[in-house]
Amino acid sequence: MNLSWQVAFSALMACAWGSDLTFPPGFKFGAASAAYQIEGGWNASDKGESIWDRLVHENPEMIGDRSNGDVACDSYHLWQRDIEIASEIGLHFYRFSIAWTRILPTGFSDKISEDGKNYYNRLIDGLLEKGINPVISIYHWDLPQQLQDLGGWVNPLIVDWFSDYARVVFSLYADRVKTWITINEPTMICDESYNTGFFAPAILEPHISPYVCAKNVLLAHAKAWRIYDEEYRPKYNGEITLANHLIWYEPLGEEDFELTELVRQNLVGRYSHPVYSKEGGWPPSLEKHMEEVSRRKGFQRSVLPPFTREEIDLVKGTFDFYAMNHYTSRLVRKAEPSEHIGSFPLNGAPDLEAVFEKDPSWSITTSHWFYINPEGIRRQLAWLRKEYGDIKFWITENGLSTTSGLEDRERIEFYRDYLKEVLLAINEDGQKVTGYTAWTLMDNFEWNDGYNSKFGLYEVNFTSPMRTRRQRASARYYKQIIDTHSVPKSPYDDL
Ligand code: PNW
């Protein structure tokens, strides 16, 4: 069968086994990765040290298998193979991140590394040669240690340090890269890290830092967006936004509706309202709540630092689309008096007196935090539209962790079920979802889980010096999704 016949036939089959399971014309599929998780070459050439280099070397006990990203998938050397597998799947785009310390070894823009610059030049050109669009995340958690020593994300000067770095990256690659993510998942940078102390920079300080960090991350994003908008968009006409990690929160009982809404404002709203709402600034309900909590705790001012009028205007509207990373859901209930409340955003929200639970119907995965609830992705999209209007969405991450094996039936079923919900959002709810990104192209260093949790469409053999990549059944299924522009039956559906 030639390709167009194959597409028509599969679309017909898709219609036959469910409602309309085809994606709208122009819908794009890709896969994602992040520099620290795949590159290795942690001190190759003049690369500087990042906060993840420091964490894994000084605190190996914080990583499940006591491993690190020193070599990881060795993409620093094996990038051609990465392009090859992206091309085997037929990806429309490949989302990867730039290691700040590979481009700017000191963290500052006084010195640009030739080797670092060339590494990403080769990767970008190689992808384009294969017809795969590069999508760049400028920051995916690997802050230069030197900047951390100066306070990192809680020092307001980081707004300039980050935007200087972003300008360097634009100046090097904006001629060829048309889609940009400034910062990946502020909630992991500001909440998960400071609330647990287990995420780089391994500092436990849950009272002040998450909120100061949130403000600085938003200002840094906004400044970088405006640099692109003013200096690069006129020439290259690309698109840029930040990527938010969204857990879908449902109320446990009817009495928990209002609390759940406040929890959503703390995760989604705190990083979205300042950017996507008409009025800008913090979500009003959260701002009011944090003022009360701060006063109750004895502070003279809110721990959620206010924006000035100028800052509100700087941040407001700094998006071209909404980039959503989504994996999992939680049920929310009010904490009992003196009940221990786990850390935000996964287990609870102490400042909101909320406890998070799992619905018994959600199955568990290899990652301790990850329960499967496909409906969550559609409900999350609906909530975002209710809050911020009819904006354009890209799913910039979604995928499943497993332990091992090439016949990964669970991953196929995960993609089938989550993509069906994305289709319902598009076809039934009329949402403008225009792209979907599988996390991840190949198994890689999964942060605190090390190499124990595998999210890859390709398996990587981490005991071989060649870091051999082998195709999983899910990679073939994802290729079929791309080729047919629909959600086909899983190969296991008839078993
Ligand atoms: C994302 N959670 O992180 C990151 O962008 C990736 O680097 C990471 O490998 C991937 O998802 C899988 O974990 C998340 O706790 C980390 O809900 C934690 C959560 C979600 C996403």
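## Ground rules

Residue numbers start from 1 along each chain as its sequence is written. Because the model is predicted, local features need pLDDT of at least 70 and side-chain atom pairs count only at pLDDT 80 or more, while totals for chains, interfaces and linings use all residues, and side-chain values use heavy atoms, with hydrogens and water left out.

## The largest pocket

Let us start with the largest pocket, whose volume is about 500 Å³. Of its 25 lining residues, Met 188, Glu 192, Phe 199, Trp 369 and Glu 446 are the closest to the centre. Helices (H or I, at least four residues) and strands (E, at least two) are DSSP runs, numbered from the N terminus.

By type, the lining of the largest pocket divides into 11 nonpolar, 8 polar and 6 charged residues. Here Ala, Val, Leu, Ile, Met, Phe, Trp, Tyr, Cys and Pro count as nonpolar, Asp, Glu, Lys and Arg as charged, and the others, Gly among them, as polar. A pocket is an open set of points on a 1 Å grid over the protein atoms alone, where a 1.4 Å probe fits, with protein on both sides within 12 Å along at least five of seven lines; lining residues have an atom within 4 Å of a point. Grid points are joined across faces, edges and corners, and the volume is the space filled by probe spheres set on the points.

## The second largest pocket

The second largest pocket has a volume of about 340 Å³. It is lined by 20 residues, with Pro 206, Lys 297, Ala 349, Pro 350 and Asp 351 nearest its centre. H9, H10 (209-236), H11 (257-276) and H12 (284-297) each supply at least two lining residues; the largest share, 3 residues, belongs to H12. This lining holds 9 nonpolar, 5 polar and 6 charged residues.

## Arg 411

Arg 411 sits in helix H15 (residues 409-427). It counts as buried because its relative accessibility is 0% (buried is under 20% relative accessible area, with a 1.4 Å probe and protein chains only). A polar atom of its side chain lies 3.0 Å from the backbone oxygen of Leu 400. Beyond neighbours within four places in sequence, the contacts of Arg 411 (heavy atoms within 4.5 Å) include Lys 454, Phe 455, Arg 472 and Ser 474.

## Helix H16

Ser 474 is also one of the buried residues of H16, among them Tyr 477, Tyr 478 and Ile 481. The 12 residues of H16 (residues 473-484) should span 16 Å at 1.5 Å a residue, and the end C-alpha atoms are 17 Å apart, which agrees; the expected span is 1.5 Å times one less than the number of residues. After H16 comes His 485, with a positive phi near 55 degrees.

Terms used
Buried means under 20% relative accessible area, exposed over 50%, partly exposed in between (1.4 Å probe, protein chains only). A polar contact is a pair of N or O atoms within 3.5 Å; within protein, one must be able to donate a hydrogen and the other to accept it, and residues adjacent in sequence count only if both atoms are side-chain atoms.
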